[in-house]
Amino acid sequence: VSTQSTGESIQHSQFNLHSNQRKRDQIELIKYTILHLKNTFNKEFDDVYLSKKQEIARVAERSERIKQILKDLKSSDSVFIPAFKQIEIPESFLIVEDDEIKFEKYLTPEEQAALAEKERLEAERRRLEEADNARERALETMMHGKLEIRPEDELQKDLEKPDFMINKAEGQWSEEEQKIAKEFEKKEKHLLEEREKYRKALEAELKKLQTANTEGMNSFDEKLNKLFKLKIEYQKTINQEELKIVRISRSIYQQDYLEECDFNLSKPLDEFKQLKLRTQEEVAEIKRSIDKLRDEHELILQEDRGIEKQFKKDFVDLDAFTLDILAKLYKRRPKLVKQKPQNSETSSRSSNPFYVKVEDPDKLFLEAMAELDSEIHKPEILQDEIWDRFVDARRLKVESELKVKHHSQKIQDLNSYLQRKLEDDDTVKNKIEKTFQHLNDLRDKKLKFLMNLEIQLLLKQGQVEVDPGVFSTQFDNALLIHRSVIEDLNSQIVTLGEGKVTAMIDCKDYYKNIHLLEWEHEKMQMEAEDLNAKTRDVQTLRVTKELQVFLFEENNAQRMQKEIQTLEKTIKLNENMHQRKSLDKKRILDRLNRLIKERELECSVLDAELKELAVSLVERQQIQEACVADLVPAADQRMKDIVARRKLVDLAKSQSQEVAVLRAEVERLRMKTFPALVQHN
C-alpha cells in the first residue's frame, strides 16, 4: 500500500541505519509516510461517503415513488428508506433538537403575551379565510380541490349507473334504455381493462424501482466491502511502519545507552591512569629514600662496630677477669616494662579518669641507663677512674645503638609504607585492567550492535519456519535464506526422495520374490511330508472289524443313524441318572446343614457355660484370697498365691485345650457336611 500510494519510497534502506542521526531521520520519514497513508485513505473514505449520500438520495427518491405505487395498489407493504445513523454524522452530536429537551421552555411574561397575541392574529386570519374564500370554494366545486387531474385518479373513479338500471328490472327496460345499458357495460369493461393495464404497469414499475434500489445498495455494499479491505491493508501497513518506529527508537535508546556507558567507563579509566602515575612516582621516591637510608644505616653500623672494637682497645691494660666483668657490664641493658594506655592519648585528663601518659621509651631507656651508671652498680674491684671511662664508653655505645635502632625503625616504616603503596598500585592496576576489559567488551558490543542491524521484513505465514514461542517468536538463532535456495533444496530433496522410494520399491519387489520362492519351497516340502505321512499311514493302517464293516456295508448312512439313536438314548439315560443323583446329593446336603446348625447351637451353649465357669472361677479366687489373707502370714500367703496362680494357669491351659478340641470337632463336623470334590489333572 505504501509503494502504491507514495510511489518510490523516500525512506532510507534498513541496511544503512547505522548512525543515530540517520535513524532519527528515518523516524521522521516514516511518520511522513504514515501521514500520507492516512490522508490517502481519508480521500477514499470521503469518496465512499459522498457515494453513500448520493445513493441514499436516489433510493429515497425511488422510495417515494414506491410509496405512491403501493398506495395506488392499495398494498400494506412497508418501504425501507436508508438513512445515516447518528454515529455517521459527528456534527449531529453538537446539535440539540427540540424533542431532546424534555422540560418545558421557560417564557417570560412579555414573551407569553407576544406569543398569545401572535396566536390570536393567526386564528383571526384563518377565520376570515374560512368565512368566504371564493377561490378555494370554486376549486372544491369544479375540480374537487385539485389543480391537476391525474389519469390514475380518473381510473380510480367508478362509473355511475343510470337510474333505470337501479330502479327498474331488466325486463322493463325500453330499447333506448337497453342501448344505454350496453354502452355502459362497454365503458365499464373498458375501464376494467384500463385499470388492469395500469395495475400491471405499476407492478412493473414497482419491480423495476425495487430492483434499482437493491442493485444500488448492493453496489454500495461492494464499495464498502472494498473500502473495509483497503482499510485493513492500510492499517496493517501503518502498524508495520509504527513497529519500525518502535524498533528504531529502541535501537537509538540502546545506542545512546552504550555510548553513555562508554563515557562512564572512559572517565574513571583516565582517573585511574593518572592515579597510577602518581603512585609510581611516589614508589620510586620511597625506594630512593630507602636506598639512601640503607647507605646511612651501613655507615652507622660500621661506626657502632668500631666503637665496640675501640672499647676493647681502651681497656687492654686490665687483667682478663676485670675485662670479662666489664664486657658483661658493657653488654648489659636495662629491661623496660611496656606501658599500654587504657584510652586514647587524644582524650583529656578531665574527661577520662583512667588516662595514663605514655612517656618516650628512649627517655625511659636513658634514665634506666643513668641508673645503671650510678655507683651502686659499680663492681668493688674497679677504680673510680676506670668506672668513669667505662660509663663514658658504654654511654657512647648506647647512643650508637639508639641511632642504629632509629635508622632501622625508619627503614622499616618506609618499607611498610612502600608495601602499602605497592598494594595501592596493584589495586589501581587491577581496576585499570578490569575497567579496560569492560570497556573493550562494551566497545565490541557497541560495534556488533552497529553492524548487526535489526531488519523488519514482511513474510507470508508459510515462509516462516521458526517455532513460535509462548508469548512471542524468538528470531535470535534464525537465518534469512533466499526463496530460490529453499526451492532448489526442496527440489533436490524431492528428487532424492523419489529415487529412494524407487530403490525401496525395487528392493521390496526383489525381497518379495525371494520370500515367495521360499514360501513355495516350504509349501512343496510340507506337501511332500504330508504325502509321505499319508503313504505311511496307508501302509501301517490296521484293518479292524469296524473298518471292514464300513468298507463292506452298502448303507453306511442307515448304520450311522442307528448309532446316533443309540447314543441319544444313552444320553437321556445318563441325564435321568444325573438328576436322581443330584436330588440325593441335595437331600444329603440339607441333612448336613441341619447337623451343622445343631452343632453350632451346642457350641454356643458351651461358650456360654465356659464364660460362666470363668466368672465363677474368678469369684472363687477372690473369695479364697479374701479368706486366706487374714489367717496366713505374708510368706505363706505369697507361697499360696504362687501355688494358686500355678493351678489357675494349668486350669486355663486345660480349658483352652478343651476349647481347641471342641473347635476341631466343630470344624470336623462342618467339613463332613460338604462333599469332597477332587480335581484330577
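How many residues does the largest nonpolar core have, and which of them have the most contacts inside it? Please go on from there to the surroundings of that core.

Reply: The model is predicted. Its largest nonpolar core has 14 residues, and those with the most contacts inside the core are Ile27, Ile30, Ile34, Ile245 and Ile248. Two elements, H2 and H7, each give two or more residues to this core. The largest share comes from H7, with seven residues.

Ile27 and Ile30 are themselves among the core residues with the most contacts.

Apart from this core lies another, of seven residues, among them Ile69, Leu70, Leu206 and Leu209.

Helix H7 also takes part in a pocket. The second largest pocket has a volume of about 580 Å³. The elements that give two or more residues to its lining are helix H2 (20-72), helix H7 (175-314) and helix H10 (384-451). Of the 20 residues that line the pocket, Ser251, Phe449, Asn452, Leu453 and Glu454 lie nearest the pocket centre. Nine lining residues come from H7, the largest share. By class, the lining has seven nonpolar, six polar and seven charged residues.

Lysine 276 lies in helix H7. This lysine has a relative accessible area of 17% and is therefore buried, the cut-off being under 20%. Not counting residues up to four places away in sequence, Lys276 touches Asp425, Val428, Lys429 and Ile432.

Two cysteines complete the picture. Cysteine 261 has a relative accessibility of 19%, so this residue counts as buried. Cysteine 507, at 35%, is partly exposed. A disulfide is a covalent bond between the sulfur atoms of two cysteines. A search of the whole structure finds zero disulfides.

Note on methods: Residues numbered from 1 in each chain as written. Predicted model: local features only at pLDDT ≥ 70, side-chain atom pairs only at ≥ 80, totals over all residues. Heavy atoms only, no water. 1 Å grid on protein atoms, 1.4 Å probe; cavity = no way out; pocket = protein on both sides within 12 Å on 5 of 7 lines; lining within 4 Å. Points joined across faces, edges and corners; volume = space filled by probe spheres on them. Helix = DSSP H or I, 4+ residues; strand = E, 2+ residues; numbered from the N terminus. Nonpolar A, V, L, I, M, F, W, Y, C, P; charged D, E, K, R; others polar. Disulfide = S-S within 2.5 Å. Buried < 20%, exposed > 50% of the residue type's maximum accessible area, 1.4 Å probe, protein only. Contact = heavy atoms within 4.5 Å. Core = buried A, V, L, I, M, F, W, Y, C linked by side-chain atoms within 4.5 Å.
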